[in-house]
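Subject: Structure handover

Hello,

Here is the structure for you to look over. My notes on it follow below.

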Amino acid sequence: PMVQRSQQAAILQDVCAQMALPKVLQSFVVQLAKARRLVMLPKIVEVYRNLMLQAKGERHAEIISAHAL
């Protein structure tokens with residue numbers, strides 16, 4: 001069902017508050033909802049994580065093994 005932007009923003013605001021997310025992050029998510037850009041959130045999270053790793057001097061690695069480690 002279609003949810004109006006204002007309803008979606010209000011619902012997300014409540015969910016973010018229940019998750020005790022920082023106010024700036026709550027506002028960001030609400031703005032994404034209002035702009036109908038929530039579909040971009042997974043990519044934004046991925047880019048943010050990569051930037052955080054880079055700032056720490058760390059790298060993401062995936063290990064594949066034929067045997068359990």
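The protein chain exposes about 6200 Å². Carbon and sulfur atoms supply 61% of that area. Bear in mind that this is a predicted model. Of the 69 residues in the protein chain, buried ones make up 12%.

Now the fold. The protein chain has three helices and zero strands. Along the sequence, the pattern reads α-α-α. The radius of gyration of the protein chain is 17 Å, well over the 11 Å that the globule rule gives for 69 residues, so the chain is more spread out than a compact globule. For overall dimensions, the C-alpha atoms fill a box of roughly 50 × 30 × 20 Å along the principal axes.

Next, the largest pocket. How much space lies in it? The volume is about 260 Å³. Helix H1 spans 5-18, helix H2 spans 23-34 and helix H3 spans 41-56, and each supplies at least two residues of the lining. H3 gives the most, with four residues.

On to charge pairs. Side chains of opposite charge can pair when their charged atoms come close. The structure holds one salt bridge. The side chains of Glu 46 and Lys 43 form it, at 3.7 Å from N to O. Both residues belong to helix H3, where they are three residues apart, so about one helical turn separates them. Glu 46 is partly exposed, with a relative accessible area of 41%.

Two loop residues deserve a look at the backbone. Most residues other than glycine have a negative phi. Ala 20 has a positive phi, near 60°, and is not a glycine. Ala 20 is found in the loop between H1 and H2. Is Ala 20 buried or exposed? Ala 20 is exposed, because its relative accessible area is 65% and the cut-off for exposed is over 50%.

Arg 36 also is not a glycine, and its phi is positive at about 55°. Arg 36 lies in the loop between H2 and H3. At 36% relative accessibility, Arg 36 counts as partly exposed.

Last, two distances to check on screen. Gln 18 sits in helix H1. Gln 18 is exposed, with a relative accessible area of 71%. How far apart in space are Gln 18 and Leu 51? They are 27 Å apart, C-alpha to C-alpha, and 33 residues apart in sequence.

Arg 59 sits in the segment after H3. Arg 59 is exposed too, with a relative accessible area of 80%. Between Arg 59 and Val 30 there are 30 Å in space, C-alpha to C-alpha. In sequence, Arg 59 and Val 30 are 29 residues apart.

Best wishes

Note on methods. Residues are numbered from 1 along each chain as its sequence is written. This is a predicted model: local features need pLDDT of at least 70, side-chain atom pairs count only at pLDDT 80 or more; totals for chains, interfaces and linings use all residues. Side-chain values use heavy atoms; hydrogens and water are left out. On a 1 Å grid over the protein atoms alone, a cavity is a set of points where a 1.4 Å probe fits but cannot get out, and a pocket is an open set with protein on both sides within 12 Å along at least five of seven lines; lining residues have an atom within 4 Å of a point. Grid points are joined across faces, edges and corners, and a volume is the space filled by probe spheres set on the points. The radius of gyration is taken over C-alpha atoms; the globule rule is 2.2 Å times the number of residues to the power 0.38. Buried means under 20% relative accessible area, exposed over 50%, partly exposed in between (1.4 Å probe, protein chains only). Accessible areas come from the Shrake-Rupley method with a 1.4 Å probe; for residues, only the protein chains shown count as cover. A salt bridge is a side-chain nitrogen of Lys or Arg within 4 Å of a carboxyl oxygen of Asp or Glu.
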